[in-house]
Amino acid sequence: MTAARAVVIGVGNDYRHDDGLGPAVARRLESLRIPAVTVARCDGEPTSLLDLWADVELAVVVDAVRCDPSTPGRVRRTTVDALRGCARATGTHALGIADALPLARVLGRVPAELVVVVVEAQRLDPGIGLSGPVAAALPDAVAAVLSELARLGLRPTGAGLPG
């Protein structure tokens, strides 16, 4: 088995509407079985993130956020520092990506490169299913992650290619 060069981490909770975006992206990418890429789902708990992204060339974290002002469904590549101005789904976890990175630095468990792909959420309340704007943005979020992986030459092969 080839060692993972990259990890994609879908952060979120399927039972808080748009917070399920990260896990939804992870499920789509898992089906592609990209060589040398590990795909995982995580609730955002910092030590779980550290375990997932340690010792890889590239970690791509996918999450739903709410910022002011908000444009639900907008997909963007951002940094961990920029996330400090946005709120995640309150109540799903006490700490998040922005808290995990400083801890990772102290413990020497950072990836060589960390990219964050976010989709602006419309609904983060309890319930199942993505809102319309976020569901419509799902293919673009998957494409954004695939673009990041392609920079390392990591691409889907054969059956299961996105169409």
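Modeller: Here is a short tour of labels and the values behind them, and please keep in mind that the model is predicted.

Biologist: Let's start with the overall layout: how many helices and strands are there, and in what pattern?

Modeller: The protein chain has 5 helices and 5 strands. Along the sequence they follow the pattern β-α-β-α-β-β-α-α-β-α. Of its 163 residues, 48% are buried.

Biologist: What makes Glu148 count as buried?

Modeller: Buried means under 20% relative accessible area. Glu148 has 7% relative accessibility, so it counts as buried. This residue lies in helix H5, which spans residues 132-150. Leaving out residues up to four places away in sequence, Glu148 touches Leu58, Val60, Arg77 and Val115.

Biologist: How do you know that the side chains of Glu148 and Arg77 make a polar contact?

Modeller: A polar contact needs a pair of N or O atoms within 3.5 Å, one able to donate a hydrogen and the other to accept it. The side chains of Glu148 and Arg77 are joined at 2.6 Å, a polar contact.

Biologist: Why do we say that the buried residues of H2 line one face of the helix?

Modeller: Helix H2 covers residues 46-53, and its buried residues are Pro46, Leu49, Leu50 and Trp53. Looking down the axis of H2, these residues fall within an arc of 100°, so they line one face. Their cover includes strands E1, E2, E3 and E5, along with helix H4.

Biologist: Is Asp55 buried or exposed, and why?

Modeller: Exposed means over 50% relative accessible area. Asp55 has 74% relative accessibility, so it counts as exposed.

Biologist: Which residues make the nonpolar surface patch?

Modeller: Leu103, Val106 and Leu107 make this patch of about 290 Å². Nonpolar side chains are joined into a patch within 5 Å, if each residue has over 30% relative accessible area and no salt bridge. Leu107 belongs to helix H4, residues 97-107.

Terms used. Residues numbered from 1 in each chain as written. Predicted model: local features only at pLDDT ≥ 70, side-chain atom pairs only at ≥ 80, totals over all residues. Heavy atoms only, no water. Helix = DSSP H or I, 4+ residues; strand = E, 2+ residues; numbered from the N terminus. Buried < 20%, exposed > 50% of the residue type's maximum accessible area, 1.4 Å probe, protein only. Patch = residues over 30% accessible without salt bridge, like charges linked within 9 Å, V, L, I, M, F, W, Y side chains within 5 Å. Areas by Shrake-Rupley, 256 points an atom, 1.4 Å probe, with all protein chains shown as cover. Salt bridge = Lys/Arg side-chain N within 4 Å of Asp/Glu carboxyl O. Contact = heavy atoms within 4.5 Å. Arc of directions from axis to C-beta.
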